[in-house]
Amino acid sequence: MKSKLKKTAQAFLVIMMAAGTAAAGEPLEFKPLPYAFDALEPHIDARTMEIHYTRHHQAYFNNLLKAVEGTEMAGRSLEDILASADALPAAVRNNGGGHWNHTMFWQVMSPEGGGEPEGALAEQIIRDFGSFAEFQKKFNEAAATRFGSGWAWLCVAEDGSLFVISTPNQDNPLMKAADRRGTPILGLDVWEHAYYLKYQNLRASYIEAFWNVVNWPEVASRYAAAGQKSESLSPD
Ligand SMILES: [Fe+2]
């Protein structure tokens, strides 16, 4: 654990030095997993979590650092880089997307997760999908029908409404390449590396299990933050 913390601190330092300043946004950081590898059992197994976080996510992060080092991107926030380029270099698109997507994925899950959202997010889901069950159906469909590797998302559009979409590979709806752009507030990794050890080819069973670990308070706070962002952008 100590060496992991040291590694994280080193990575943080490297990017701070490369960036010179963090004024343009949050510096790139390989954040600690917010719970133990086995915390999401039995829905997501410990071995999958360990490999997913320490190998896959770490590799995206390391390769992202290499891709931005010495370029003008080194001083900018990842959100800004992903959102502002018409054509991202492949290494930034794949590894930057990979880092952003996984960082979010760990946070929108919790050992105390599951159930349904409350408050403003719950009301917006009913407004845009008719019911929580209808929203789940749409999300499940997006996750199940994404061919090959990719992600399913619940996003906030510029007008504050919610929509479901999927993206291929490590793309996400912040990128100009997305079919529809928005602010993702919930994401599900449907790459085989996310579920194959426990579920083999049964992606639908993994998707079903995911609902037991969704961290709705975190998703709700991302929904609130997305609303504030669009308010500050809209003219008076
Ligand atoms: Fe993944």
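Visitor: Before we get into detail, how many helices and strands does the protein chain have?
Guide: In this predicted model, the secondary structure of the protein chain comes to 9 helices and 3 strands. Read along the sequence, the pattern is α-α-α-α-α-α-β-β-β-α-α-α.

Visitor: And what share of the residues in the chain is buried?
Guide: Of the 236 residues in the protein chain, 32% are buried. As for contacts, if one takes those with a separation of 6 or more, 65% of them are between residues 24 or more positions apart.

Visitor: Let's go to the helices, then. At what angle do α2 and α4 pack?
Guide: Helix α2, which covers residues 46-68, packs against helix α4, residues 90-107, at an angle of about 135 degrees, and their axes are 8 Å apart. That angle makes α2 oblique to α4, and the crossing of the two helices is left-handed.

Visitor: Which residues make that contact?
Guide: On the α2 side the contact is made by His57, Tyr60, Phe61, Asn63, Leu64, Ala67 and Val68, while α4 brings Ala91, Val92, Asn95, Gly96, Gly98, His99 and His102. Sorted by class, the residues of this contact are 7 nonpolar and 7 polar, with no charged ones.

Visitor: What about α6 and α8, what angle and axis distance there?
Guide: Helix α6 (residues 132-145) and helix α8 (residues 203-210) pack at an angle of about 145 degrees, with 10 Å between their axes, and the crossing of α6 and α8 is right-handed. Asn140, Ala143 and Ala144 of α6 meet Arg203, Ala204 and Ile207 of α8, and by class this contact has 4 nonpolar, 1 polar and 1 charged residues.

Visitor: Switching topic: where is methionine 73 found?
Guide: Methionine 73 is found in the loop between α2 and α3, the latter being residues 78-84.

Visitor: Which residues does methionine 73 touch, then?
Guide: Leaving aside residues up to four places away in sequence, methionine 73 touches Val68, Ile81 and Val92. Methionine 73 and valine 92 are 19 residues apart along the chain, and their C-alpha atoms are separated by 9.5 Å.

Visitor: Now the strands. How many residues of β1 are buried?
Guide: Strand β1, residues 150-156, is mostly covered, with 7 of its 7 residues buried. Gly150, Ala152, Leu154 and Val156 point one way from β1, whereas Trp151, Trp153 and Cys155 point the other way, and all are buried.

Visitor: In which sense does β1 pair with β2, and over how many bridges?
Guide: β1 pairs with strand β2 (residues 162-168) in the antiparallel sense, over 7 bridges, and within this pairing cysteine 155 stands opposite phenylalanine 163 in β2. The two strands form a hairpin with 5 residues between them, and glycine 160 in the turn has a positive phi of about 90 degrees.

Visitor: How many bridges join β1 to β3?
Guide: There are 6 bridges joining β1 to strand β3 (residues 183-189), and the two run antiparallel. Tryptophan 151 has aspartate 189 in β3 as its bridge partner.

How values were computed. Residues numbered from 1 in each chain as written. Predicted model: local features only at pLDDT ≥ 70, side-chain atom pairs only at ≥ 80, totals over all residues. Axes fitted to C-alpha atoms, helices over the stretch in contact; angles between N-to-C directions. Helix = DSSP H or I, 4+ residues; strand = E, 2+ residues; numbered from the N terminus. Parallel < 35°, antiparallel > 145°, perpendicular 65-115°, else oblique. Left-handed = near helix turned anticlockwise from the far one by under 90°. Contact = placed C-beta atoms within 7 Å. Nonpolar A, V, L, I, M, F, W, Y, C, P; charged D, E, K, R; others polar. Buried ≥ 20, exposed ≤ 12 C-beta atoms within 10 Å, placed from the backbone. Pairing = 2+ DSSP bridges.
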